[in-house]
There are 2 protein chains.
Amino acid sequence: MKLVDFRRNFLNPTMSISYSPAPFVIARSEGQYLFDENGNKFLDCINNVSHIGHCHPKYIKNIQEQLPVLNTNARFLFDGLKEATEKLLRLFPKELRVVTWACSGSEANDLALQMAKIHSGRNQLYCLADAYHGHTDITMLVSPYKWNEHFRRSKDVTVLDTPCTYRGAYRRKENSSQLYAEKFTKKIDSKKGIAGFIYEPMQSCAGQIVPKDDYYKEMGRVVHEHGGVIIADEVQTGFGRLGKNFWAFEHYGIVPDIVTVGKALGNGFPVSAVICRKEIAESFHKYGIEYASSYAGNPLSNAAVSAVIDVIHDQKLQENAREVGDYVKQGFIKLMKFNHVGDVRGHGFFLGIDIVKNKRSREPFKELAINIRQAAREEGVLISVDGVNKNVIKFKPPMVFTKENADQLLDTLNRVIPKVLRQMNLQ
Amino acid sequence: MKLVDFRRNFLNPTMSISYSPAPFVIARSEGQYLFDENGNKFLDCINNVSHIGHCHPKYIKNIQEQLPVLNTNARFLFDGLKEATEKLLRLFPKELRVVTWACSGSEANDLALQMAKIHSGRNQLYCLADAYHGHTDITMLVSPYKWNEHFRRSKDVTVLDTPCTYRGAYRRKENSSQLYAEKFTKKIDSKKGIAGFIYEPMQSCAGQIVPKDDYYKEMGRVVHEHGGVIIADEVQTGFGRLGKNFWAFEHYGIVPDIVTVGKALGNGFPVSAVICRKEIAESFHKYGIEYASSYAGNPLSNAAVSAVIDVIHDQKLQENAREVGDYVKQGFIKLMKFNHVGDVRGHGFFLGIDIVKNKRSREPFKELAINIRQAAREEGVLISVDGVNKNVIKFKPPMVFTKENADQLLDTLNRVIPKVLRQMNLQ
């Protein structure tokens, strides 16, 4: 039975397959490349999880060496946990000093929301429209990106406008951040207050949404005025991906009360973490219910995390994201000469190209975005299409992506976009 | 800074440390043994996660060989996922035929509860008192084992009596299972019905609770009559641990609608799975919201799972659990000659010794259980103490535990129990 047919019959049918209806089998990977079963090489602009590159030698070595030594749960004491925790905490401002390990970004956000409720003594959660924070029951309740007409919302969750500078309600207002914060304030039931506000500083699944620089200061003020906890989800934006900042929250000049990390942290090994202020950890402790996990912080995960953080520094991957990312962004901006390329957003290796039916109406153009993705694949370049309207071409490659890779990507897009426009009779 | 002090300052303070206040540092592990930093060897009767044994050569080899080849998310196609899924499905009756992969037992149970709500179109969840099903927000709502006076319960969750044959409300009644089912029925709001009933067929954290043979048939009937989904959590009981059965649900002669597995499945690699009936997968599909995970079902997890399932078969570990487990249980039963050893429960490598203040009152005796654990540790044998009253000595070793290991364990308990009783002036 072919893999696609097998999946249709025996695996969760809701999980989509990349490049359906004509997906391909990946046989191996290396750095910023994937190879299919016939040996064809693809430039990978999709796998942000493979942050330090697919199959990185130091990462492989660390895990391979740990495997025959020890792997047990973190109720026992072992050295690797201290090393990984110290390395992780060094990446944060000193206010963020207590780590709880978990297995996935979803688990980390789930725990962060529980901590916010416990610390605040409240229930009301706030999130942004188009947000995605995970697949557990409670993280789905703050993930409007995923909702459809069947989804049952919670009365304890309030959805706030997405502060998109391209399509957001107040995008044309000079004081848009103040206006969003005022609208937020109006939605708060002052008797119930706020338990927590969870946000990706720059939204990923929503389509690389980059709010204005003063946005989170305004929003954060409202959260704290109403007793809430500020939770920054850095699962997709962290670890130097933005180039200019190691964390996306730094761009906005506020230190959140809780930060969650995942994906890049384990480079494909299932590990995530919640980093919080001391007082939040203390509330959780006073609450008196143990958070226990069979895997979180285990020695194999320690080995993965230590290697990832070392490699980010040793290979200066943040600097690479800044330099090469800037170069790619300039190239993307030039693509706006084409009809239907409406906007380019993001920083470093976190970029999006917004494909529209009409540059004035800014109406999303999903079919065109998907056809460009498909045409690029035929040329050996893998890019993804995402956003609530599935019209944003996303660039979020392994951080070892080079200037030569950038040239290949830009050259490919410069060739396939006009070709697809012609095929669709759009030029 | 010492590891314990480091943890106190920089790690989630709610996670307990085994053998506090005098824990020890584990340096390496092998099979059914742990070694501390001074080279002292301990017989491990605790790590049920290390199902096929710590650092199993075939398991290490499988993961080590996969590491340099490929590790990406399951939206791409690769061969390992099919192999692991096929191996897993072969372990279940044919009604259970659709797999969704996840990272932890908590994630698997979280998803199972979401699926139950989606399939039934209802919200009401039922669980057993003393149950533990995970650390996510919704799994905590069905985990009374963890609750304290601060915990905020959900009005959508109803807790049912634990059908313990040693302390349960109806333990003296011939028709106890019918009585529990009748009480269950009375708790149901017939307008709201049931979304799901989640249970460990044999409860682990609760203290190795083994309900009567006809219990789940009676309970399951009530669930289905009210439109609910039957969810068996086999995270701690599955994969042959019971010896007589590969799954605990088999002991009770009913096929659940959903089964969740974890722990043993990855032998320490964070991987879990939800296995369900076709119609439940179809409801989930019709619901139309994608369940996506960065790690679930990735090639590394496939390598771990395939090795675990192969080794269980190749080394006849289920048979070993039956033979050696029966032998240990006979030895445990002989310990009932001592004052305060009140009950012995369980099957195979899933056994519990209930320590009581008085054999007639059956009042739990936590301090004695903990002192026995401590004394055994000093003799090089690691056993755990659990149960809602923290008075049940638990035996849940790696499945490679031998008859010689059993003799060491039994010999140790036969020596330390009278010694501790004397020290506590109980004899």
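How many residues lie between strand 14 of chain A and strand 15 of chain A in their hairpin, and which residue in the turn has a positive phi? Select the two strands: 5 residues separate them, and A:Gly387 in the turn has a positive phi of about 95°. Strands (E, at least two residues) and helices (H or I, at least four) are DSSP runs numbered from the N terminus.

This is a predicted model, in which local features need pLDDT of at least 70 and side-chain atom pairs count only at pLDDT 80 or more, while totals for chains, interfaces and linings use all residues. Residues are numbered from 1 along each chain as its sequence is written, and chains are lettered from A and ligands numbered from 1 in the order in which they are written.

**Strand 15 of chain A**

Stay on strand 15, residues 392–395. On one side lie A:Val392 and A:Lys394, on the other A:Ile393 and A:Phe395, and all are buried (20 or more other C-beta atoms within 10 Å of the residue's own, with C-beta atoms placed from the backbone). Strand 14 (residues 384–386) pairs with strand 15 in the antiparallel sense over 3 bridges; two strands pair if DSSP finds at least two bridges between them. Within this pairing, A:Ser384 stands opposite A:Lys394.

**Strand 8 of chain A**

Move to strand 8, residues 229–233, where 5 of 5 residues are buried. A:Val229, A:Ile231 and A:Asp233 point one way, A:Ile230 and A:Ala232 the other. Strand 7 (residues 196–199) runs parallel to strand 8 and is joined to it by 4 bridges, with A:Tyr199 partnered by A:Ala232. Strand 9 (residues 258–261) is also parallel to strand 8, through 3 bridges, and A:Val259 in strand 9 stands opposite A:Ala232.

**Core and two copies**

Now select A:Val308 and B:Val308, which touch the most other members of the largest nonpolar core, a set of 279 residues. Such a core consists of buried Ala, Val, Leu, Ile, Met, Phe, Trp, Tyr and Cys residues joined through C-beta atoms within 7 Å.

Finally, display both chains. A rotation of 180° with 0.0 Å of shift along its axis superposes chain B on chain A, with an RMSD of 0.0 Å (least squares on C-alpha atoms of residues with pLDDT of at least 70 in both). The two copies are thus related as by a two-fold rotation axis. Among the residues of chain B, B:Gln64 comes closest to this axis, at 2.8 Å (C-alpha).

Conventions
A residue is buried if 20 or more other C-beta atoms lie within 10 Å of its own, exposed if 12 or fewer, and partly exposed in between; C-beta atoms are placed from the backbone.
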